[in-house]
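Hello,

Here is the structure I said I would pass on. My notes come after it.

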Amino acid sequence: MFSPSPHTMKLDPDVCYKAVSARDRRFDGWFFVGVSSTGIYCRPVCNVRTPRFENCSFYGSAAAAEKAGYRPCLKCRPELAPGGARFDASRELADAAAAMIDEGFLNHAPLPDLAARIGITERHLRRIFADEFGVSPVEYAQTQRLLLAKRLLTDTALPVTEVALAAGFGSVRRFNGLFKSRYGFAPGRLRLSAHNARMATIPDGDLVFQLAYRPPLAWHALLDFLGDRAIEGVESREGDVYTRTLSLQRQDGQTVAGWCRISPLPNRHALQVTLPPALAGSVPQVLGKLRHLFDLGARPDVIDAHLGALALATPGLRVPGAVDGFEIAVRAIVGQQITVKGARRLLGRLAERFGTPLPTPVHGLTHTFPSAAQMLAVPVDALGEAGIIRSRIAAIHGVAQAIVDGTLRLDPLAPLDATMASLLAIKGVGPWTAQYIAMRALGSPDAMPVDDLVLRQALGVPNGRAVATRAAQWAPWRAYAALHVWRAAAQGPAGQPVMNLQEVVA
């Protein structure tokens, strides 16, 4: 049906129509259907009456559907569709550009800056973006701003002026004009719905959003991992709810601190995200970070099928990502050769002493985790008094210096091979640490710390080379395989895994 990319324009109309008729959730977000008789475009899971085939056209992105003249459906709300996972390395650059646009990069910077950020010329960016999405980067950004504004109008009680600015529009007049010309009605119409009136009653004016995913999602397993490693004062897990603090660098150079609270929505393949009003201007950035943290772009149907028996115990297991790559690097460095509980205590101490305090503690959270610049400014003796040994201090400062200098990036858009080489060149950062950072901060699906003691014991092999040999069958999803092995080993009685892992890899 599709070429490897979820956004490709090579869609088979007959197969797409079958997916629409069946309302098959596996295709949600992979294409959109425009209906000529209504002028509306929908997700394939929209529960309205199935349109006639001859009235349907299919598009690989919401931006392409809007470029063709269609307006978004008010029932299935295309802005809530889950994003696509990357499969084809040749399209990585276009996907990277789209991810940055989704997070608001073009709201404060010109297109040449975006091209430079991903290391190509503006002309090349335009060409590959059009091939991948069927629209220009600017057209794509315009659609994303409109869809975010539509989401803010529908799901929050923010004034229209604040909605326009938060969505990235330079003026309310520009926002009103474009919204009406594109969608055929004024923005205020969305404020008349009963649903919005209900959302407006949320205490303290908090903002609430939905993040969709492709099922299944092993939410409790994900929370088990994050909860076991939660840094006191920075993050917490309470039942089905995960809460943490955030420190965000805005395009204007200002830093804003806040928090986010995430919980599953009953009977829906989506997570509910609650943010304070202070983060209204950073919504795209926050939602992008949370998609990475919870690995919501994953395709569990593809990954679980590839892992086979290893995935049977916990289908839909995701690889926990990061809201800040430097935080993950410090976690990995501090966690070398000490227990998870011991690492939590040390990291909590670092946050309390060197992080940024929240103006008002909320949900038991008090501080953000220190940034690379903040940590670099901490004297060696102060880090030693916090319980960090000299070799770990040197490694932390080495990573922080590289990030501040701009020679190291720890995010999903960073080039994998060059980033790994830069990490390994820092004294005190070894292969285990670099692979763990690649798993979580870079979002590399095939990263695996093969020298990990638990992996060696669970697989019954003597060294990392043997782990790599056994794990070769799980490529290119070895990061997910590592999570399955770790979870199975942790749940087993007396340290024994709940499955016979040696039989699984036989």
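The notes below cover a sheet, a helix, a hairpin and one threonine.

This is a predicted model, in which local features need pLDDT of at least 70 and side-chain atom pairs count only at pLDDT 80 or more, while totals for chains, interfaces and linings use all residues. Residues are numbered from 1 along each chain as its sequence is written, and side-chain values use heavy atoms, with hydrogens and water left out.

Helices (DSSP H or I, at least four residues) and strands (E, at least two) are numbered from the N terminus. Strands pair if DSSP finds at least two bridges between them.

An open sheet is formed by five strands with antiparallel pairing, in the order β5-β9-β8-β7-β6. β5 (207-212) and β6 (235-238) are the edges; each has a single partner strand, so one side of each lacks a neighbour in the sheet. Within the sheet, β8 (255-264) and β9 (270-275) run antiparallel and are joined by four bridges. Arg 261 is opposite Thr 274 in β9.

Helix α10 (219-228) lies across β6, β7 (241-249), β8 and β9, at about 140° to β6 (axes are lines fitted to C-alpha atoms, for helices over the stretch in contact; angles run from 0 to 180 degrees between N-to-C directions).

Elsewhere, β10 (357-362) and β11 are antiparallel and share two bridges, with Pro 357 opposite His 367. Their hairpin has two residues between the strands, and His 363 takes a positive phi near 55°.

Thr 368 is in the loop between β11 (365-367) and α15 (372-376). Its relative accessibility is 2%, so Thr 368 counts as buried (under 20% relative accessible area, 1.4 Å probe, protein chains only). Leaving out residues up to four places away in sequence, Thr 368 touches residues including Val 234, Leu 246, Ala 257 and Leu 358 (contact means heavy atoms within 4.5 Å).

Regards

Technical notes. Buried means under 20% relative accessible area, exposed over 50%, partly exposed in between (1.4 Å probe, protein chains only).
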